[in-house]
Amino acid sequence: MKTPLLFEMNGRRALVVGLGRVGRRRARTLADAGCTVTALIKAPPADWNSTGVKVVQKAFEAADLASVDLVVAATDDAETNAAVLAACRVRGIPVNVADDPDASDFFFPAVIRRGDLTLSVCTEGASPMTTKAIVKELKAAYGEDYARRLAALKTLRAAIIARAGDPAEKRRRLKELTALPTSKLAELAASQNQSEQSEEA
Ligand SMILES: C[C@@]1(CC(=O)O)c2cc3[nH]c(cc4nc(cc5[nH]c(cc(n2)[C@H]1CCC(=O)O)[C@@](C)(CC(=O)O)[C@@H]5CCC(=O)O)C(CC(=O)O)=C4CCC(=O)O)c(CCC(=O)O)c3CC(=O)O
Ligand SMILES: NC(=O)C1=CN([C@@H]2O[C@H](COP(=O)(O)OP(=O)(O)OC[C@H]3O[C@@H](n4cnc5c(N)ncnc54)[C@H](O)[C@@H]3O)[C@@H](O)[C@H]2O)C=CC1
């Protein structure tokens, strides 16, 4: 069974085999998360580049796994994908296989980010179209303004926790915050930041 985890990806070394539509998406997701990504392609030219992705034209071989933390097999050739999977299994390297959800060690869920808020949706391959539809609903329900909301809540939470006090009272105050509109939270956070600055001065 797969379970959702938020894993620190910064500095991890990823190998993506195949840079078609899926491989490009995966390579970009991993690079955006701070991975050092190497992508193996079969044919030139890779008229595609993405910061943090090193594109190498060569056929996959097990030796390519020597210093790699995770792998994505994203070619449209089932045999190549299966060979990548088998080589990863031997070395205990986690692998995602584009055409084999059951064999994959991890999935790429759909992700919506609003500052510190991360929403992710996955049907484990049962219906990616349903995932798409749910993402659309969530994007509307949790708009861009949630980034500002979370930033304000983070400031106010730290301030409440910093004040020594009865744990039940702390919880009550933290819960109370979640009912406030974003504009009010932003206002409270701004005055909190201001009073912290004048304390420091
Ligand atoms: C297991 C998983 C991969 C993994 O993570 O390992 C997987 C597997 C497969 N998808 C297939 C097809 C399609 N996938 C999409 C779309 C998305 N697929 C995504 C994730 C995932 N897809 C993972 C599970 C996530 C989940 O279930 O919730 C999203 C969320 C993110 C992303 O891909 O970046 C993105 C939607 C979000 C967005 O767009 O915002 C569309 C729709 C479209 O493209 O418009 C189609 C065509 C319609 C159809 O076929 O349903 C096929 C068959 C391929 C074939 O026919 O050969 C397989 C393989 C199989 O089923 O064997
Ligand atoms: N996970 C997902 O969301 C989806 C998965 N798929 C599956 O993912 C696979 C790839 O799909 P797309 O990216 O849409 O296909 P695509 O046709 O856009 O890309 C496939 C790429 O693999 C490359 N390739 C083929 N053999 C190779 C090898 N031996 N070494 C290196 N590169 C090689 C091709 O040159 C091409 O660039 C398919 O097997 C498909 O079933 C397809 C759609 C969605």
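Strand β6 covers residues 110-114 and pairs with β7 in the antiparallel sense, over five bridges. Helices (H or I, at least four residues) and strands (E, at least two) are DSSP runs, numbered from the N terminus; two strands pair if DSSP finds at least two bridges between them. Two residues lie between the strands of the β6 and β7 hairpin, and Gly115 there takes a positive phi near 60°.

## Basis of the values

Residues are numbered from 1 along each chain as its sequence is written, and chains are lettered from A and ligands numbered from 1 in the order in which they are written. Because the model is predicted, local features need pLDDT of at least 70 and side-chain atom pairs count only at pLDDT 80 or more, while totals for chains, interfaces and linings use all residues; side-chain values use heavy atoms, with hydrogens and water left out.

## The parallel sheet

Five strands form an open sheet in the order β3-β2-β1-β4-β5, and their pairing is parallel. At its edges are β3 (53-57) and β5 (95-97), each of which pairs on one side only. Neighbouring strands are turned against each other by 15° on average, direction ignored. Axes are lines fitted to C-alpha atoms, for helices over the stretch in contact, and angles run from 0 to 180 degrees between N-to-C directions.

Strand β2 (residues 36-41) runs parallel to β3 and is joined to β3 by five bridges. Within this pair, Val37 stands opposite Val53 in β3.

## Helices on the sheet

Helix α1 (residues 21-32) packs on the sheet and touches β1 (13-17), β2, β3, β4 (70-73) and β5. Contact means heavy atoms within 4.5 Å. The direction of α1 makes about 170° with that of β1. Helix α2 (residues 78-91) lies across β1, β4 and β5, and runs at about 160° to β5.

## Helix α6

Helix α6 has 19 residues (residues 182-200), which at 1.5 Å a residue should span 27 Å; its end C-alpha atoms are 27 Å apart, so the two agree. The expected span is 1.5 Å times one less than the number of residues.

The buried residues in α6 are Thr182, Leu185, Ala189 and Gln192. Seen down the axis of α6, its buried residues fall within an arc of 85°, so they line one face of the helix; the arc is that of the directions from the helix axis to the C-beta atoms. Buried means under 20% relative accessible area, exposed over 50%, and partly exposed in between (1.4 Å probe, protein chains only). Among the elements covering the buried residues of α6 are α4 (146-162) and α5 (167-178). On the face turned away from the buried side, α6 carries the exposed residues Glu187, Gln194, Gln197 and Ser198.

## Cysteines

A disulfide is a pair of cysteine sulfur atoms within 2.5 Å, and by this rule the count is zero. The sulfur of Cys35 is 14 Å from the closest cysteine sulfur, in Cys88, which is too far for a bond. Both residues are inside the protein by accessibility: Cys35 is buried, with a relative accessible area of 5%, and Cys88 is buried at 0%.

Glu124 has a positive phi of about 55° although it is not a glycine. Most residues other than glycine have a negative phi. Glu124 sits in the loop between β7 (117-121) and α3 (128-141) and is partly exposed, with a relative accessible area of 44%.

Asp102 lies in the loop between β5 and β6 and is exposed, with a relative accessible area of 76%. Its C-alpha atom is separated by 16 Å from that of Ala83, and the two residues are 19 residues apart along the chain. Ala133, in helix α3, is partly exposed at a relative accessible area of 41%. Ala133 and Val95 are 38 residues apart in sequence and 27 Å apart in space, C-alpha to C-alpha.
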